[in-house]
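Q: Could we go through this model together, beginning with the overall picture and then moving to a few details?
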Amino acid sequence: PGPDGVSGDEITRLAERHLVQPWPVSGSIGAEARGRIDAGEGIYVTDAAGRRLIDGPAGMWCVNAGHRNRELAEVMAAQAMELSYNSPWYTTNVPSALLSARLAGHAPEGVDHVFYTTGGSSAVETALRFMQFSNNVKGRPEKKLIVSRQGGYHGSTYLAASLNGRPRDHDWMDSAGDLVVKLTCPDPFRRPEGTTVEAFCDFLVEEFRQMIEARGAERIGAFIAEPVMASGGVIVPPDDYLKRMRKLCRDNDILFIADEVVTAFGRLGHVFASQDVFGIDPDMITFAKGVTSGYFPLGGVMIAGRLFEELRRSNHSDAMFAHGLTYSSHPVGCAVALKNLDILEGGLLEHARAVSDHFQKSLKALEDLPLVGEVRGLGLMACVECVADRVSNNPLALDIEVGKRIDRHCQELGLLVRPLIHMCVMSPPLTITAAQIDDMAAILRKGI
Ligand code: PLP
C-alpha cells in the first residue's frame, strides 16, 4: 500500500494515466509506468514488490552519499525553516556564498566563480551561453562553434542536447546542428584494428588540430568533454588525451569546458576530477548530480575569474549577460551541497578511493564470460559491454535488448543495473563496501 491508504496498484495506475517519464517512445508516452521504487537505504532501494535491490547506478549516477542519509535530510529541513528561498536576482544568501568558496577551493587555481543552476543540462547551457556572450562582448561574434564528441552526453535542453553524440538520440529530434561539430569518440576499445592506443590518441588529437585549421580558430568558441564519458558507456580516454586537447584549446583561444556532471563529487575519488585525476585546468567545469547526492536538484558552472576580468576590460563593460534561473543559488540546495561536501571530505572521498580498485577488479573478472567483450572503468564507475563474439566484438549482431534482459535477470537476483542497449553501466553509491561489491559482481555474473 502507498501513503494515505492509496493502494500500490492504484499508485501505478495513476502514474500510467498521468505521468510522462524521460526518454519515452511515442507509442507509450503518458501510458506506462516503469519499475516503481518506494524506498531507499544506503546502497539499497526497495521496489514496488517489496524487493530490496542494490542500486547499481546510484539512481542516475547521483546518490553518492547513499540513500536515507539523515544528515542531508535534516540540513534540508533546517534550511527550509531558516530561509526557503530568496531571489537570486536581487539578493544573495549564506549557503550559496559559503558553498561557492568551498567549491573554488577544490577547483583548479583561478577557476573560482560559480553560477548555480537546477541540474546538468542547465549548467551546460549556461557555460555555452556564457561563451557566446563573452565572444559577442569581445567583438568576435563569429567565434561560436562548439566542438563535442561522438558518444558524449550533455543534457536535454536544446543547445546541450545538440552536443550529444549518440546518433539515435537525434533520430527524431531537432537540434542546433549548425552550431556544433563532433569529433571521434576517444574509445580505445573501438579504435581501428591494428592501431595502438598511443597511435589512436595521436589520431584523435590530430583530428582536432586539422578541424581547427579547416574551420579556423576564429570560428571555434568552445570544446566540451566529459573527462570520462559516462552515458556513452564509461569511456576512459587514452592517457594524455585530455592534456593534449587542453593544450590545443589554449593555443587557439578555445574555451575548454569539462563536463563533470558525473565525474565530480567523489565518483572518481575527488571533488573535481579534471585536475586531481587528469591534470588539466579547464576554463569552465559543469557539475550537478553528486553535488547534493541527488537529494536536491542543483547544478552549476565553475568559471575561471580571468574570463570576467576580460569582460570588465572590454569596450562593452555595460553589456548584460541576460541569463538567470529562478532557482539559481537556491539556499536549500546549497545547504544540502555544503553538508554533502562535509560528508565527502569527512571520509567518503577516501573510502571511494580505497574501494575503487576492488570494484574495478571484481567487475573486470566478468570478462571471462563469453557474452562480455570488455569491462572498463575508473574510480566507482564501470561499464560491462556485451558483444556477439569476441573476434568481431560486434555489438550490433546481438539482441538489441541484451542490456535490458541482463537488468531484468539481475533485478530478480537483487541488483538494479543501468542498461544501455548492449551495455550495463555500474556506478553505485560511494558508501559501498568491499563485501557489497562482491555481492554486486556475483549477481551481475549470474544475471549475465
Ligand atoms: N552532462 C552529463 C555528463 C550528464 O551525464 C548529464 C546527465 O546524465 C547531463 C549533463 C545532464 O544533466 P541533467 O540530467 O541534470 O540535466
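This is a predicted model: local features need pLDDT of at least 70, side-chain atom pairs count only at pLDDT 80 or more; totals for chains, interfaces and linings use all residues.

Q: OK, how many helices and strands does the protein chain have?
A: The protein chain has 13 helices and 15 strands, where helices (H or I, at least four residues) and strands (E, at least two) are DSSP runs numbered from the N terminus. Its radius of gyration is 22 Å, close to the 22 Å that the globule rule gives for 448 residues, so the chain is as compact as a globular protein of that length; the radius is taken over C-alpha atoms, and the rule is 2.2 Å times the number of residues to the power 0.38.

Q: And how much of it is buried?
A: Buried residues make up 46% of the 448, a residue being buried if 20 or more other C-beta atoms, placed from the backbone, lie within 10 Å of its own, exposed if 12 or fewer, and partly exposed in between.

Q: Switching to the open sheet of four strands, what is its order?
A: The order is β1-β2-β3-β13, with mixed pairing, and two strands pair if DSSP finds at least two bridges between them. Strands β1 (37-41) and β13 (415-416) stand at the edges with a single partner strand each, so one side of each is left without a neighbour in the sheet.

Q: How does β3 join β13?
A: Strand β3 (residues 52-55) runs parallel to β13 and is joined to it by two bridges, and isoleucine 54 has leucine 415 in β13 as its bridge partner.

Q: New topic: where does serine 175 lie?
A: Serine 175 lies in the loop between α6 (158-162) and β6 (180-183), and it counts as partly exposed because it has 15 C-beta neighbours inside 10 Å.

Q: What does serine 175 touch?
A: Leaving aside residues up to four places away in sequence, serine 175 touches Ala161, Ser162 and His170, a contact meaning that the C-beta atoms, placed from the backbone, lie within 7 Å.

Q: Last one: which residues come nearest the ligand?
A: Of the 16 residues around the ligand, Gly119, Gly120, Ser121, Gly155 and Val261 come nearest, with a residue counted as near if its C-beta atom, placed from the backbone, lies within 6 Å. Helix α5 (residues 120-137) gives the most to this shell, with three residues.

Key. Residues are numbered from 1 along each chain as its sequence is written. Two residues are in contact if their C-beta atoms, placed from the backbone, lie within 7 Å.
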